Amino acid sequence: MIECIFTLDYEVYGNGTGSLTELVYEPAKRLQEIFRKWNARFVNFVEVAELRQIEINGTDSGIGDVKRQIQELHHEGFEIGLHLHPQWCNARFEDGVWILDYDEYNLCTLSKSRILQIVEQSLDYLREVVGRSDFTPVSFRAGNWLFQPTETASRVLAGKGIQIDSSVFKGGLLHSNALDYRPALRNGYYWSFSGDVNKPDPIGDWIEVPIYTEMVPFWKMPTSKRLGFTGKPAMKARTTKQTLNRALDLLRFWYPRKLDFCRMTLSELTSTLGRIIEEDQASPDTYRPNVAIGHTKDLTEPETVDAFLSFLNDKHITISTFNAALPRLLRKTEQMVSVC
């Protein structure tokens, strides 16, 4: 059984540049219209730390529209997930430029007390935006997919009631940040975990539903559409060491290509799903939640998304959310425990 879960990282550029209206509000509004058309919903991963600092510092008049949009999406059944780039938590705006705290770039490397402070602050802000003091998101995505070392952050987040992570992309490797998701290639479409997100643990508190990836030859990555994103503002200037580490990340024959509905062509999207459909036909009893990723700032061809949803509709593939999938995921993981 196949389900497709669309996730949207709701944010401006990594270095703080860009207009909320152009990079967040307008693209999300277009996607909202497209998904409404197909009676479908996506998961909106709201980058809370960024929005909170923008509001506190009064740097973008679009913040009001963005907050109202998040509330509207929530009321219409679009799932609101927690997304965190913790370098924003101590950000300063000086001389028209954001100065971010890159010492806090990876939430997982911070102390337990600091992680707890950031998570509580972020949840309080998200609840204020949504307009519900009792709201707790079901799902979480780490900034820049950094959910290693896993144990402390996962325990803090689980203690706050969050149940699903979707930070992993199988085969992922980022030397600069000590991220290595290659061991997860051995795992299935989802798994419970506790101390290490790469290692399934039948009695773990969390469920990982990774961003779907295919390992493809490196020469399949630079399509004309993907190359169009290379001119976007960089997160920050790279040091020589960071440039070398990035070269090491890319220096391999097989590379993980995420199911990215903003960066992939329609042909790439449909051919990827075609291969999943073939797998499903061979073993239809397997539950296959496939997580697609996109970023508001990357939406350049909304018609591609519309056409892809039409394809999924024609193939009778359900479009779901983590919240809707959770009961099934819990049943499946409980069954795994009973088998063990």
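**Reading exposure, strands, a pocket and backbone angles**

User: Which class does Leu185 fall into at 41% relative accessibility?

Analyst: Leu185 counts as partly exposed, because its relative accessibility is 41%; buried means under 20% relative accessible area, exposed means over 50%, and partly exposed lies in between, with a 1.4 Å probe and protein chains only. The structure is a predicted model, in which local features need pLDDT of at least 70 and side-chain atom pairs count only at pLDDT 80 or more, while totals for chains, interfaces and linings use all residues. Residues are numbered from 1 along each chain as its sequence is written, and side-chain values use heavy atoms, with hydrogens and water left out.

User: Where is Leu185 found, and which residues is Leu185 in contact with beyond its neighbours within four places in sequence?

Analyst: Leu185 belongs to the loop between β9 (179-180) and β10 (191-193), where helices (H or I, at least four residues) and strands (E, at least two) are DSSP runs numbered from the N terminus. Once neighbours within four places in sequence are set aside, Leu185 is in contact with Lys170, Gly171 and Met215, contact being heavy atoms within 4.5 Å. The C-alpha atoms of Leu185 and Phe169, which are 16 residues apart along the chain, are separated by 9.0 Å.

User: How many helices and strands does the protein have, and what share of its residues is buried?

Analyst: The protein has 10 helices and 15 strands, and 54% of its 340 residues are buried. Of the contacts between residues at least 6 apart in sequence, 77% join residues at least 24 apart. The accessible surface, taken from the Shrake-Rupley method with a 1.4 Å probe, with only the protein chains shown counting as cover for residues, comes to about 14900 Å², of which 51% belongs to carbon and sulfur atoms.

User: How should I read the two faces of β1?

Analyst: In a regular strand the side chains alternate between the two faces of the sheet. In β1 (residues 2-10), nine of nine residues are buried: Ile2, Cys4, Phe6, Leu8 and Tyr10 lie on one side, with Glu3, Ile5, Thr7 and Asp9 on the other, and both faces are covered.

User: Which strands run parallel to β1?

Analyst: Two strands pair if DSSP finds at least two bridges between them. Eight bridges join β1 to β14 in parallel, with Ile2 opposite Arg288; three join β1 to β15, also in parallel, with Ile5 opposite Ser320; and four join β1 to β2, again in parallel, with Thr7 opposite Val43.

User: What does Thr321 touch, not counting residues up to four places away in sequence?

Analyst: Thr321, which sits in the loop between β15 and α10 (322-339), touches Ile5, Arg41, Phe42, Val43 and Glu79 on that count. Its relative accessibility is 9%, so Thr321 counts as buried.

User: Why is β13 described as largely enclosed by the rest of the structure?

Analyst: The description holds because four of the five residues of β13 (residues 254-258) are buried. Strand β12 (residues 213-217) runs antiparallel to β13 and is joined to it by five bridges, with Thr213 opposite Lys258.

User: Which residues lie nearest the centre of the second largest pocket?

Analyst: On a 1 Å grid over the protein atoms alone, a pocket is an open set of points where a 1.4 Å probe fits, with protein on both sides within 12 Å along at least five of seven lines, and lining residues have an atom within 4 Å of a point. Here 16 residues line the second largest pocket, with Lys170, Gly188, Tyr189, Tyr212 and Thr213 nearest its centre. The elements that give two or more residues to this lining are β12, α8 (266-282) and β14 (288-295). The pocket holds about 250 Å³ of space, a volume being the space filled by probe spheres set on grid points joined across faces, edges and corners. Its lining has eight nonpolar, four polar and four charged residues, where Ala, Val, Leu, Ile, Met, Phe, Trp, Tyr, Cys and Pro count as nonpolar, Asp, Glu, Lys and Arg as charged, and the others, Gly among them, as polar.

User: What phi do Asn39 and His316 have, and which peptide bond is cis?

Analyst: Most residues other than glycine have a negative phi, and most peptide bonds are trans. Asn39, in the loop between α1 (20-37) and β2 (43-47), has a positive phi of about 50 degrees, and at 69% relative accessibility Asn39 counts as exposed. His316, in the loop between α9 (302-314) and β15 (318-320), has a positive phi of about 60 degrees, and at 73% His316 counts as exposed. The peptide bond from Gln148 to Pro149 is cis, with omega near -10 degrees, and Pro149 is placed in the loop between β6 (139-142) and α5 (151-159).
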